[in-house]
Amino acid sequence: MINVETETLVPISSAATMIPCHPPPSRATIWRWMLTGVRGRKLESIHIGGRRFTSEQAIARFLNPQSEPTATSQNMASQRKSQDQAAMDALKKRGM
């Protein structure tokens, strides 16, 4: 989540210039990253006074997927554990 007091806000129109690739992504790509995301991760943004902003720190978090696990990956891991446990319990019931 973007903290407006501690993070450096960047208008969406300028966000593409902060991505270290050549050529930089289009504005449409930046919007897609915010709205639908990539592999369960979304670029954080905030709406202030009729304009949409992201932050330098949010871009860094988005580009570095190892920085923090996503809720989706955490949910999938816990779901997998419960499925594994249920399978083990079913095998034990059958004497295997």
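The structure is a predicted model, in which local features need pLDDT of at least 70 and side-chain atom pairs count only at pLDDT 80 or more, while totals for chains, interfaces and linings use all residues. Residues are numbered from 1 along each chain as its sequence is written, and side-chain values use heavy atoms, with hydrogens and water left out.

The secondary structure of the protein chain comprises 4 helices and 3 strands, arranged along the sequence in the pattern β-α-α-β-β-α-α. Helices (H or I, at least four residues) and strands (E, at least two) are DSSP runs numbered from the N terminus. Of the 96 residues in the protein chain, 25% are buried; buried means under 20% relative accessible area, exposed over 50%, and partly exposed in between (1.4 Å probe, protein chains only). Among contacts in the protein chain with a separation of 6 or more, 53% involve residues 24 or more positions apart, a contact being heavy atoms within 4.5 Å.

The largest nonpolar core has 13 residues. Such a core is a set of buried Ala, Val, Leu, Ile, Met, Phe, Trp, Tyr and Cys residues joined through side-chain atoms within 4.5 Å. Ala15, Ile19, Ile30, Trp33, Leu43 and Ile59 have the most contacts inside this core. At least two of its residues come from each of H1, H2 and helix H3 (56-63). Beyond its neighbours within four places in sequence, Ile59 is in contact with Ala15, Met18, Ile19, Leu43 and Thr54.

The structure holds 1 aromatic pair. Trp33 and Phe62 form this pair, which is tilted, with 5.1 Å centre to centre and 35° between the planes. Rings of Phe, Tyr and Trp (its six-membered ring) pair if their centres lie within 6.5 Å; planes under 30 degrees apart count as stacked, over 60 as edge-to-face and the rest as tilted. Trp33 lies in helix H2 and Phe62 in helix H3, 29 residues apart, and the pair thus links distant parts of the chain. Trp33 is buried at 15% relative accessibility, and Phe62 is buried at 12%.

There are 2 salt bridges in the structure, each defined by a side-chain nitrogen of Lys or Arg within 4 Å of a carboxyl oxygen of Asp or Glu. In one, Arg61 is paired with Glu7, with the closest N and O atoms 3.3 Å apart. Arg61 lies in helix H3 and Glu7 in the segment before strand E1 (9-11), so this pair ties together parts that are 54 residues apart in sequence. Arg61 also meets Glu44 in a salt bridge of 2.9 Å, N to O. Glu44 lies in the loop between H2 and strand E2 (46-48), so the pair with Arg61 in helix H3 ties together parts that are 17 residues apart in sequence.

Thr17 is found in the loop between helix H1 (12-15) and helix H2 (27-35), and is exposed, with a relative accessible area of 64%. The side chain of Thr17 reaches the backbone oxygen of Ser14 at 2.6 Å.

Methods
A polar contact is a pair of N or O atoms within 3.5 Å; within protein, one must be able to donate a hydrogen and the other to accept it, and residues adjacent in sequence count only if both atoms are side-chain atoms.
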